[in-house]
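I want to look up the aromatic rings and the core here.

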Amino acid sequence: APGDPELSQWQPLLLAWLRRSALLTDLSRTAVAGDVTVDGAPLYWGWVTFVPEDRSLPVAVAYLDWRAGGSFEIPAESGPCPGRYRVEVHRVSKDFSQKQAGAYSMDDAERLVHEGPVEIGPGSNTVRIAVTSP
């Protein structure tokens, strides 16, 4: 469907789904757990994304909220495959002084990249992620 703005999207969306579902690799997924700090403090609200260097491997994501205290777990069924990964930390907000009232702001949401690649091996992995804000 050349020129059709909606139908032209199915190929990149299919590729992303195949990759996310680990259908482009024979490698088994693995569990990952750990903790995330930003400027030395636990990540309060956001997510961690493991982006593989090998584009046939799936991306893995862990979402954290204020109750996690910076800790995360990705079970093997949705975890990364063994390989080298760039780790991105997405902090939703810095100010949660009134979290129970929902009075936090997403105006200061940011993407921070962990320095250097992270190697994920077979089996369970523990990863300590420390990033600094600009």
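First, my cut-off: contact means heavy atoms within 4.5 Å. The model is predicted, so I keep local features at pLDDT of at least 70 and side-chain atom pairs at pLDDT 80 or more, while totals for chains, interfaces and linings use all residues. Numbering runs from 1 along each chain as its sequence is written, and side-chain values use heavy atoms, without hydrogens and water.

Entry 1, Phe72. Skipping neighbours within four places in sequence, I find Phe72 in contact with Val32, Ala33, Gly34, Asp35, Val36, Phe50, Ala62, Leu64, Val127 and Ile129.

Entry 3, aromatic pairs. Ring centres of Phe, Tyr and Trp (its six-membered ring) must lie within 6.5 Å; planes under 30 degrees apart are stacked, over 60 edge-to-face, the rest tilted. My search of the whole structure gives 3 pairs. Trp47 and Tyr63 sit 6.1 Å apart by centres with planes at 50 degrees, so I log that pair as tilted. Trp47 is partly exposed at 30%, and Tyr63 is exposed at 63%. Phe50 and Tyr85 are edge-to-face, at 6.4 Å and 75 degrees. Phe50 is buried at 0%, and Tyr85 is also buried at 0%.

Note on methods:
Buried means under 20% relative accessible area, exposed over 50%, partly exposed in between (1.4 Å probe, protein chains only).
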